[in-house]
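Please look over the sequence and the structure below. A short briefing follows, grouped by topic.

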Amino acid sequence: MVTTNPMTKTVGLPHERTGRDFLNSYASKQRRALSMAVTAGSLSTVFMLTQWLSFSFIAEKLIIENESLATMSYLLIIFVCAVIGRTLLTRLQTSFSQTASLCIRRDIRSVILAHWRTSSPLNLKETSVGASAAQWVEEVEAMDGYFSRYWPQQLLAVMSPLLILCVVAYLNWLCALLLLISAPLIPLFMILVGMGAEQLNQKYSTIRQRLAGHFLDRVANLSTIKMLGAEKAVFEEVGEHSDNYRKVVMKTLKLAFLSSTVLEFFTSIAIASLAIYIGFSLYGAITWGPADSLSLFTGLVILILAPEFFQPLRNLSQYYHDRATALGAANNLVILLNRGADDKPSNNRKDIKESLKKQISTSKERGDEARIELHKLCVAFEESSVLTKPINIALNTGQTLVITGSSGTGKSTLLNIIAGYIPATHGQLHFYPKHDLPIAYLPQNAWIKNDTIINNLAALAPNASKKEMLDALDILGLASELALNHSGLDTVIGEHGQGLSGGQMQRIALARVLLNPAPIVLLDEPSAKLDLISKEFIIKALKSLKADVILIIATHDPSLICIADIHLNLDTLRETDNAVLV
């Protein structure tokens, strides 16, 4: 049973234009934690500078001035404290960034879940279960590297080299100039290579979703595949899709290795140039520029700091692929969340249920009777695909409309229009009283989870007692069956309804409607898969329900016409100019 509000549009996130906007919006929500990570990383650079300056000073004192370590105890203390401080701050940086990433991924999953809860079932059917699972797990996890590593590193890649460059410039301006010239080459090539990686990751993310959905669909229908003898064909099909997935992943890895090779090449050239200059200057072969000011202390500090200067840029290049992966996933999530997204959703399922109960109780307290009016309404998916001529119907509480017709005439489509899942492209649909009316919609294939019967009933009727549940099942002729052949309310329904027949599953779904009726109840083929005795129980239950609700039933079963106050035959409606049923 699906409970919906016909006057409320499907909701999701506010519209996000691009995946980059999506990532930036979530980064702004955790800006404090991410800023703390950047601050910790910058302080770690300061401690690193203190560490190597004290180390080089100790080396010069030992080698050049032949001083003993005992006379340099204060320098050793500074060195040890700098090493410990750098380690702690690096750990603190990781902690802040990972906390921010964890909160962001939790928020994204909450928004996805809220979107699923408030989306039309027809929209949800457009995406396979496997693809949805990939979005929920893999694509959200793909955000981790971006927020925990790349986002802080893009700032540290500027701040840390600047701090190092200031120290090197103070010691030797020519060495600082060499570092400054070589530094832009790394992000330049990183961007060039990363642009291709971003496009591949977008394709990689889409193919991953399709493969997950394809594989899960085949697993869910293994018994059918076995009965048809199609094991070999399906095996080859899955193998072909997996091979295509492997090729895309390998292309991404090739770009990653190319990027790393380019960066290592330029980094090695820059450090080698510095080493040659410092070595020849100390040897006396180079005398121009600030070469004369070089000493063991300054030369050693510059040589040690040169790799540290490039390390933040190398890290950024490494994490740039995290950015590409996150953007690919974010673009897919933006498409998902913007599908029918107009309003901000409620993230709390309990709030939705409480709001529904309040609406029902308010309607009863006022003594308001529900009323639906269909004015010149045509059954249609789009303006160009009209299935019926205009329909004029008015229904009040206590009345039942039974919709019949051959397959494809639009019975389920008309129910979806009334439920608000499909917009009315022709004509008008009015609900009275003016305050919102909840709708209970029982589709042909009802949602039954792998759990006990009592938990399945409580999922949509949380306030129903065990006695009320047994009474509802008894009305449907299920209480005695379950007590005799199973474990009553504690009967466990297996995966895909294993352990119960299709008719029993249908009646359990209808029991949820009886336990928590809305002012308007829509039923799509409620007597399908049932024998004659079970159908009698269904008709009896619907007769007891119809007095307090507006009941609309789409069916092929002529036995349900007997409970109809209004019978709408869509086959006949196709042949006439108009249908006026009031």
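Which residues does the UniProt annotation "transmembrane region" cover? According to the unreviewed UniProt entry, they are residues 33-59, 71-89, 155-173, 179-200, 255-280 and 286-306; positions follow the numbering used here, feature names are shortened, and annotations may be inferred rather than shown by experiment. This is a predicted model, in which local features need pLDDT of at least 70, side-chain atom pairs count only at pLDDT 80 or more, and totals for chains, interfaces and linings use all residues. Residues are numbered from 1 along each chain as its sequence is written, and side-chain values use heavy atoms, leaving out hydrogens and water.

**Annotated spans**
- Residues 71-89 are 89% helix and 0% strand, with end C-alpha atoms 29 Å apart. (Helices are DSSP runs of H or I, at least four residues, and strands are runs of E, at least two, numbered from the N terminus.)
- Residues 155-173 are 95% helix and 0% strand, and their end C-alpha atoms lie 24 Å apart.

**Nonpolar cores**
- The largest nonpolar core has 61 residues, of which Phe 22, Leu 23, Ile 108, Met 143 and Leu 305 touch the most other members. (A nonpolar core is a set of buried Ala, Val, Leu, Ile, Met, Phe, Trp, Tyr and Cys residues joined through side-chain atoms within 4.5 Å; buried means under 20% relative accessible area, with a 1.4 Å probe and protein chains only.)
- Helix 11 gives this core its largest share, 20 residues.
- A second, separate core of 41 residues includes Ala 440 and Leu 510.

**Strands**
- Strand 3 (residues 391-396) is largely enclosed by the rest of the structure, because 5 of its 6 residues are buried.

Technical notes:
Buried < 20%, exposed > 50% of the residue type's maximum accessible area, 1.4 Å probe, protein only.
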